[in-house]
Protein chains: 2
Amino acid sequence: MTTEDEDKALRYRRAQSVTRAEEISEQEKKVRRSQLDKPIHKPRDSLFSWSSEFTNFTGLVNWGFLMLTIGGVRLGLENFLKYGFRVNPIEWIIVLTGYHEGDKYQYPSLALIMFAVVPPVIALLIEKAIAVDLIPQKIGMSIQIANILFVVSLPAIVLHFKGDDFSFVGITTVCMLYLVIFLKLWSYTQTNYWCRCGTKRKLSKNTLRRQSLSAPTWKSFEDEKNEAAVAVGLVKYPDNLNLKDLFYFLLAPTLCYELNFPRTARIRKRFLVKRLLEVVFGLNLVLALFQQWMIPSVTNSIDTFSTMDPIRITERLLKLAVPNHLIWLCFFYLSFHSFLNLMGELLQFADRNFYNDWWNANNISVFWSTWNMPVHMWAVRHVYIPITKRGHSKVVASIVVFFISAFFHEYLVSVPLQMFRIWAFLGMMAQPPLSVISRMAEIKLGPRWGNLIVWSSLILGQPLAIMMYYHDYALLHFTPAKL
Amino acid sequence: MTTEDEDKALRYRRAQSVTRAEEISEQEKKVRRSQLDKPIHKPRDSLFSWSSEFTNFTGLVNWGFLMLTIGGVRLGLENFLKYGFRVNPIEWIIVLTGYHEGDKYQYPSLALIMFAVVPPVIALLIEKAIAVDLIPQKIGMSIQIANILFVVSLPAIVLHFKGDDFSFVGITTVCMLYLVIFLKLWSYTQTNYWCRCGTKRKLSKNTLRRQSLSAPTWKSFEDEKNEAAVAVGLVKYPDNLNLKDLFYFLLAPTLCYELNFPRTARIRKRFLVKRLLEVVFGLNLVLALFQQWMIPSVTNSIDTFSTMDPIRITERLLKLAVPNHLIWLCFFYLSFHSFLNLMGELLQFADRNFYNDWWNANNISVFWSTWNMPVHMWAVRHVYIPITKRGHSKVVASIVVFFISAFFHEYLVSVPLQMFRIWAFLGMMAQPPLSVISRMAEIKLGPRWGNLIVWSSLILGQPLAIMMYYHDYALLHFTPAKL
């Protein structure tokens, strides 16, 4: 609106008001006030009237906060009255480790977790072998790729033969760990490959220069850079190929390998203790919420989902959405703030950019590129940029990144459930159209609506996918009598 | 905090950050960036870390809004699945009018509502008689007081003898109407009394002046004022004592009588239609919420309240609090904005100050003096100021206002329920200590906490009182089998 329009609107608003100050003169007001009947009425609009120009509704923010709290406390009490106290820490240890009494081979998940150090060590050995020209680069890289693919397929293979020995949580943890190692080794191999290519290029350039130039000037720009790097204490390839460096990278809260990570000057003890307490208490909170609220809700919903009654399904879905979303929020804070910062502090790792302000995201694309920064940075550095540098368009690169992401979402769900449905994959496939819708809402209706769509898809999409999987899982594993 | 303190805090915060920009020189950064391993990590804090100084959480407001909406939709669906569709407009007409099939005298509430015009007409006749000196002022005032007291006691008397003919909603409407007429007639009588006293005082003053001054100067200041009043068209006592003026006051959206109400220039038709639609649809919404949500919740809670189990009672209370509060909010908007503005627009009544911004109230006293402006203005003009003018302290005046308010709250509940419990009275009695607590919270913890206490007492206090009454009502009226 131009200033003139605003002025017009203001004048119209004033004219619509009951006040109309110009009608009553000061003289008249004075006479009116001096009457014997002690008059107290004067022309004024109600505050909700558009013409009153009143806009202070700050108290309503407190109202919203209070209504949420009251609703939360009531849901908690209702849950407690209905299901009793279900939190049982011992059960979690059994669930996590897959321990069955009477079994000989008692901790299959733990065994797989411990085996996870083997592939990285193999990767280091191959890198070393390529660096000292023990094996040619091409053959070495093929072995590396085979090693990395072995990492990601191992959980699926083991589960296929020994599925009954694993608990659901145990195998999920294993899948998560092997996926992280897969991504880290991919980065490790590719980064070392970049260094090798760069060193070779430099060498050949320098040789050329040395041949063409006279003796005093052959000390090239590259060499100067090299010396500067040594002066500030930077490690150069292949000095990085050792166990200490590899294990630092495996433990560091990042998926992208580089030779010289930025480091902090010291470990802040207060910060460390706070994060540690958050992890310990937060983990218990999440497990308690899960046992007390999530499991009964999901179990109760399974009948409803079989009836296919849309009203009942919606009600169940909304009921499930609240605990699921709260658990996800706790999980997000615990993993991405508490746990990764704890690891970062312990390792004096200075880059703590584990998440961006996804809660303000005005469209789905922004959300996906801000909520999980380690994966986002990995995808940009190791998939998106290499593809665009090979001359492919940005669209092609985006599609590849997107499909890799969709595959790993499906991997993290299907392998532990031993059930190859495509719900998670479809969920990821729904992201591009949703992204377009949210982008349009952001442009046409304003950023607030874009943000609301992001939150809605987050709050409602997850329980929908969970119910799909649980429904199919229950149909496969439970007898009809049990249902 | 002083500027120095802030500066210190900022420096401490910077020192606690992982960034510590001063440690890494520009030169070092440049060297680091030029490495072959394409480094992407740089020192930065996580956004949730206190040292990151990040404060943009606007998306969380949308989150809160969405969680409230989802919770509301789910509660609505759950209610529908549990109780089916219960809204029945015909039932309301029966409930409102107290119509019983087979009764001869079919509309007792309607008869009492129509009778409500009689006492005001009597009051007018008495005023007229006093004004023309037909009866002495003292006797006239006694009859007026008797007439006003008759108004407030009539519903209670009729109900005592013919209680079974009335429905609960019908008698509540009657009580509300008679209470309003009681307050209006009190104001009418007292204002006319002020005018009479003022006129007499003026007359005697003028007589004195006329005797003491010479002829040309006897035209006093008072006369000038009088002429000015006539010039701007103001009505003077006793010209106001007519039926038209009386009925305008009875219909006008105010409890305070004055001879010359401020008037608007015209009836805004758009405004009128909007308010009318709000009243029609809003009333149906409130009735629907009441039938569908409130009645089943209250009925379901009655067993729980008899068991005296504190956890179950709390859960029921919180469950009841949500629909009760939403209905109260709808009721507030409908009565104080839609209905009173509708009456005001129809009567061209210019003072629309029916409520103030009570939603921002930071303590209970502010809430009570802002949520219901007609009653607040009446209490200040007709009780508080007259008492302080007689030389009593402000504390005494406040206590009297408070007790009158408490009495009428009890009146509006006990008479319709035909059950003289003191829960409403006790609820009012809880206001002064609550007021002190909220005032202390406002001072010690800040205005936000004061506002939270005001909202809490509003959201939780009402359902508590409702359950108390309904519990006692059910014990009296229903057989144990029905319970």
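The following paragraphs lead the reader through a predicted model with chains A and B.

In this predicted model, local features need pLDDT of at least 70 and side-chain atom pairs count only at pLDDT 80 or more, while totals for chains, interfaces and linings use all residues. Residues are numbered from 1 along each chain as its sequence is written, chains are lettered from A and ligands numbered from 1 in the order in which they are written, and side-chain values use heavy atoms, with hydrogens and water left out.

The relation between the two chains comes first.

Contacts between charged side chains come next. Side chains of opposite charge can pair when their charged atoms come close. A salt bridge is counted when a side-chain nitrogen of Lys or Arg is within 4 Å of a carboxyl oxygen of Asp or Glu, and the whole structure holds 24 of them over all chains. One of these is formed by B:Glu315 and A:Arg74, at 3.2 Å from N to O. B:Glu315 lies in helix α12 (residues 310–346) of chain B and A:Arg74 in helix α3 (residues 59–83) of chain A, so the pair joins two chains. Helices here are DSSP runs (H or I, at least four residues), numbered from the N terminus.

Residues 54–77 of chain A are 79% helix and 0% strand, with end C-alpha atoms 39 Å apart. For residues 166–186 of chain A, the values are 90% helix, 0% strand and 27 Å.

Some backbone details remain. Most residues other than glycine have a negative phi, and most peptide bonds are trans. The bond from A:Tyr237 to A:Pro238, however, is cis, with omega near 5 degrees, and A:Pro238 is found in the loop between α9 (221–231) and α10 of chain A. In chain B, the bond from B:Tyr237 to B:Pro238 is likewise cis, with omega near 5 degrees, and B:Pro238 is in the loop between α9 (221–231) and α10 (243–251). B:Lys38 is not a glycine, yet has a positive phi of about 45 degrees; B:Lys38 lies in the loop between α2 (26–33) and α3 (59–83) of chain B.

Notes
Least-squares fit on C-alpha atoms with pLDDT ≥ 70 in both.
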